There are 2 protein chains.
Amino acid sequence: MSSDNSETRIRILKATIELLEAPQSKGVRMSDIAKRAGISRQALYLHFSTRAELLIETTFYSDEINKSDERLIPSRTAKTGVERLEAYVEAWANYIPEIYGMGKALMAMRDTDEAAAKAWDQRMWDMKEGCEAAINALARDKTLSPLYPPAHATDLLWAMLSIRNWEQMTIECGWSQEKYVKTIKSLTKHTFVREGKTE
Amino acid sequence: MSSDNSETRIRILKATIELLEAPQSKGVRMSDIAKRAGISRQALYLHFSTRAELLIETTFYSDEINKSDERLIPSRTAKTGVERLEAYVEAWANYIPEIYGMGKALMAMRDTDEAAAKAWDQRMWDMKEGCEAAINALARDKTLSPLYPPAHATDLLWAMLSIRNWEQMTIECGWSQEKYVKTIKSLTKHTFVREGKTE
DNA sequence: CCTTTTGCTTGACACTATGTCAATTGACAT
DNA sequence: ATGTCAATTGACATAGTGTCAAGCAAAAGG
């Protein structure tokens with residue numbers, strides 16, 4: 001399965017990432033990936049049984065390369081709830097650009113491929129747990145805004161941090177990544193941290 | 001063009017809306033639409049040259065039925081900036097469920113169909129003008145939060161009101177439409193209206 | 001009443017992309 | 001030499017969009 005680390009398999013995964021990360025990446029086809037990996041289209045199926053599986057495995061491989069778990073350490077070790085929220089938002093915000101291409105490809109398959117949809121949902125669900133932990137840390141410190149109960153705040157934070165919002169602000173509105181990070185940090189702080197407790 | 005109001009054309013448009021609005025609507029095909037309209041698949045092409053064109057025309061037809069312009073009157077006639085923002089957010093929030101199906105179908109074609117993407121972008125751009133007007137009304141009244149310059153606030157409001165956020169909160173998080181409206185109204189007010197000027 | 005036009009039907013086909021299969025090749029190991 | 005493994009090639013199935021030509025039936029118009 002995903003423990004098969006043959007030469008070619010890695011080459012395919014790398015080729016997939018490169019194509020998905022290309023800015024103009026519209027509908028990456030199996031034949032495109034094969035060409036880039038330097039093998040025949042059919043040979044892809046010797047390693048991945050469907051396009052969806054290939055994309056899913058690619059997300060795992062990308063996590064491995066990016067050491068994505070390490071990014072969350074500052075958030076988990078934060079002392080106060082406010083620090084935790086800030087660290088989490090920053091870590092996630094800077095992670096998005098690296099998984100955006102794959103996310104888009106997987107989301108585009110939602111309608112046609114159940115497995116792809118599930119795989120992506122799973123990741124987003126994991127991310128939501130991070131949101132929940134940050135909100136709970138605020139609640140524990142009694143610094144959570146009284147406007148929203150924790151579960152509600154979690155949903156809202158999750159939505160604010162969605163990849164699609166990142167896409168809209170950076171790609172459609174032309175914001176720089178810095179501007180995005182700065183704004184989303186400010187917005188989440190002002191929305192979820194009780195007034196007067198911001199610092 | 002869109003002024004051809006033949007019997008069959010209308011039947012096709014209605015069939016398309018019905019299929020797109022169905023909750024389980026996964027990838028509506030030309031043959032599905034034809035069947036529902038009671039004509040042959042090929043006959044669709046006598047009225048609409050491509051699937052993208054059909055979907056685009058369907059959005060126009062849907063606007064006509066929903067009298068979507070009228071929805072914005074309360075927002076345009078609001079006296080204060082705060083009222084205008086509130087009226088606009090409410091009008092748009094309640095409009096989303098009616099165009100969600102078509103939006104999803106058009107967005108799914110982004111990668112493969114340039115025309116579909118453009119048509120949808122145009123609508124979203126129009127909607128952004130409403131955001132801009134609301135923010136400008138706040139700025140004029142000096143009730144805009146000093147945290148964001150107007151252009152910046154416009155982008156942010158636009159993102160907050162995006163259909164994808166609505167989708168995430170209602171469909172994925174299970175919020176009721178009421179809860180969504182209430183929350184988004186509260187969020188936008190607290191974000192964009194200068195503190196102390198909320199009422 | 002006959003002819004033309006209009007709107008639709010039917011069947012066939014091109015194209016693109018995914019996925020499958022069988023036969024084959026070339027390298028490397030025993 | 002023989003077998004095994006990874007990949008190749010060409011052919012084919014399937015799904016969906018879009019095109020084309022031939023035909024048909026009913027309305028329109030002389």
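The model is predicted, and local features need pLDDT of at least 70, side-chain atom pairs count only at pLDDT 80 or more, and totals for chains, interfaces and linings use all residues. Residues are numbered from 1 along each chain as its sequence is written, chains are lettered from A and ligands numbered from 1 in the order in which they are written, and side-chain values use heavy atoms, with hydrogens and water left out.

Sugar or phosphate contributes 56% of the atoms of DNA strand D within 4 Å of the protein, and bases contribute the rest. Polar contacts are pairs of N or O atoms within 3.5 Å. A base oxygen of DNA strand D lies 2.9 Å from a polar side-chain atom of B:Arg41. The surface near DNA strand D comprises 5 nonpolar, 7 polar and 3 charged residues. In this classification, Ala, Val, Leu, Ile, Met, Phe, Trp, Tyr, Cys and Pro count as nonpolar, Asp, Glu, Lys and Arg as charged, and the others, Gly among them, as polar.

Around DNA strand C there are 16 residues, with A:Arg29, A:Arg51, B:Thr8, B:Ser40 and B:His47 the closest. Of the atoms of DNA strand C that come within 4 Å of the protein, 54% belong to sugar and phosphate. An N or O atom in the side chain of B:Gln42 lies 3.1 Å from a base oxygen of DNA strand C.

In chain B, helix H6 (residues 81-108) and helix H7 (residues 114-140) pack at an angle of about 170°, with axes 10 Å apart. Helices are DSSP runs of H or I with at least four residues, numbered from the N terminus; axes are lines fitted to C-alpha atoms over the stretch in contact, and angles run from 0 to 180 degrees between N-to-C directions. H6(B) and H7(B) are therefore roughly antiparallel to each other, a term applied to angles over 145 degrees.

Methods
Helix = DSSP H or I, 4+ residues; strand = E, 2+ residues; numbered from the N terminus. Parallel < 35°, antiparallel > 145°, perpendicular 65-115°, else oblique. Near = heavy atom within 4 Å. Polar contact = N/O pair within 3.5 Å; in protein donor to acceptor, adjacent residues only side chain to side chain.
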